[in-house]
Amino acid sequence: MSTPRTTTRPSAPTGAGALNVSRTLATAARVLRQLRHDPRTIALMLLVPCLMLLLLRYVFDGSPRTFDSIGASLLGIFPLITMFLVTSIATLRERTSGTLERLLSMPLGKGDLIAGYALAFGAIAIVQSALATALAVWFLGLDVVGSPWLLLLVALLDALLGTALGLFVSAFAASEFQAVQFMPAVIFPQLLLCGLFTARENMHPVLEGISDVLPMSYAVDGMNEVLRHTDMTAPFVRDVLIVAGCALLVLALGAATLRRRTA
């Protein structure tokens with residue numbers, strides 16, 4: 001008497017489930033190993049914001065108050081721009097080289113991949129923000145009423161936001177040149193409307209309304225709160241939470257829109 005034959009259904013890919021900590025950490029470690037062998041990228045991420053702040057300080061050498069008024073804002077903006085460029089190009093390179101295709105054929109979910117990249121570049125962002133903040137406050141004489149640690153917090157969140165935006169837009173670029181082209185569309189409008197050049201309430205009402213939904217506006221507002229107040233204020237907490245929330249939202253969108261192949 002023959003025994004009935006049983007059929008085994010293929011199990012769902014392991015990476016399709018919830019975020020896996022071990023896979024996320026493994027992805028972050030792989031990205032950091034790659035960055036270690038790319039000194040030009042490391043120099044771009046760590047040194048360019050510092051060099052821009054140094055240049056800005058001596059551009060306004062005869063007017064130190066001008067540096068005090070805009071230096072803190074740019075302390076957050078420069079890391080955001082740098083991390084946006086590096087992250088978008090690095091992620092796109094993974095896809096065009098076929099690395100992303102191979103990784104996603106393994107038990108690795110899109111969320112694991114995006115979180116791993118965010119963790120790796122976030123570690124770089126911590127070093128980058130610490131260097132830029134230390135340079136601005138202790139060497140370039142940036143006059144801050146509040147705690148420099150609060151400046152560092154906002155600078156770090158700005159860098160993480162830049163990382164999230166870079167991961168997100170890389171899904172829509174077919175080449176590194178296209179990734180760079182996203183910068184005028186994603187970064188420049190925020191730069192013009194964030195309140196760096198003029199107070200947002202002095203803008204045209206339509207532009208002021210647009211600026212109210214752009215995360216860079218709240219990053220600049222948070223920096224200005226540290227410049228003017230000795231203690232942590234309620235508007236500062238609001239600004240920090242908005243920037244952090246935008247970074248998490250964009251990371252989630254990046255995981256949802258991540259594609260294996262470039263069309």
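Leaving aside its neighbours within four places in sequence, with which residues is Thr 87 in contact? The tour below reaches that residue at its third stop.

**Before starting**

The model is predicted: local features need pLDDT of at least 70 and side-chain atom pairs count only at pLDDT 80 or more, while totals for chains, interfaces and linings use all residues. Residues are numbered from 1 along each chain as its sequence is written, and side-chain values use heavy atoms, with hydrogens and water left out.

**The whole protein**

Display the complete chain as a cartoon. The protein has 11 helices and zero strands; helices (H or I, at least four residues) and strands (E, at least two) are DSSP runs, numbered from the N terminus. Of the 263 residues, 48% are buried. Here buried means under 20% relative accessible area, exposed means over 50%, and partly exposed lies in between (1.4 Å probe, protein chains only).

**First stop: helix α1**

Select residues 21-36, which form helix α1. These 16 residues reach 22 Å from the first C-alpha to the last, close to the 22 Å expected at 1.5 Å a residue; the expected span is 1.5 Å times one less than the number of residues. Next, colour Arg 23, Thr 24, Thr 27, Ala 28, Arg 30, Val 31 and Leu 35, which are buried in α1. Seen down the axis, the buried residues of α1 fall within an arc of 160 degrees, so they line one face of the helix. The arc is taken from the directions from the helix axis to the C-beta atoms. Turn to the other side of α1 to find Val 21, Ser 22 and Arg 36 exposed.

Ala 26 also belongs to α1 and counts as partly exposed, at 47% relative accessibility. Show Leu 113 as well: it lies 87 residues from Ala 26 in sequence, and 9.4 Å from it in space, C-alpha to C-alpha.

**Second stop: Leu 47**

Select helix α2, residues 39-59, and find Leu 47 within it. Leu 47 is partly exposed, with a relative accessible area of 47%.

Move to helix α3, residues 64-96, where Thr 87 is located. Thr 87 counts as buried, at 0% relative accessibility. Beyond its neighbours within four places in sequence, Thr 87 is in contact with Phe 121, Thr 163, Gly 166 and Leu 167; contact means heavy atoms within 4.5 Å.
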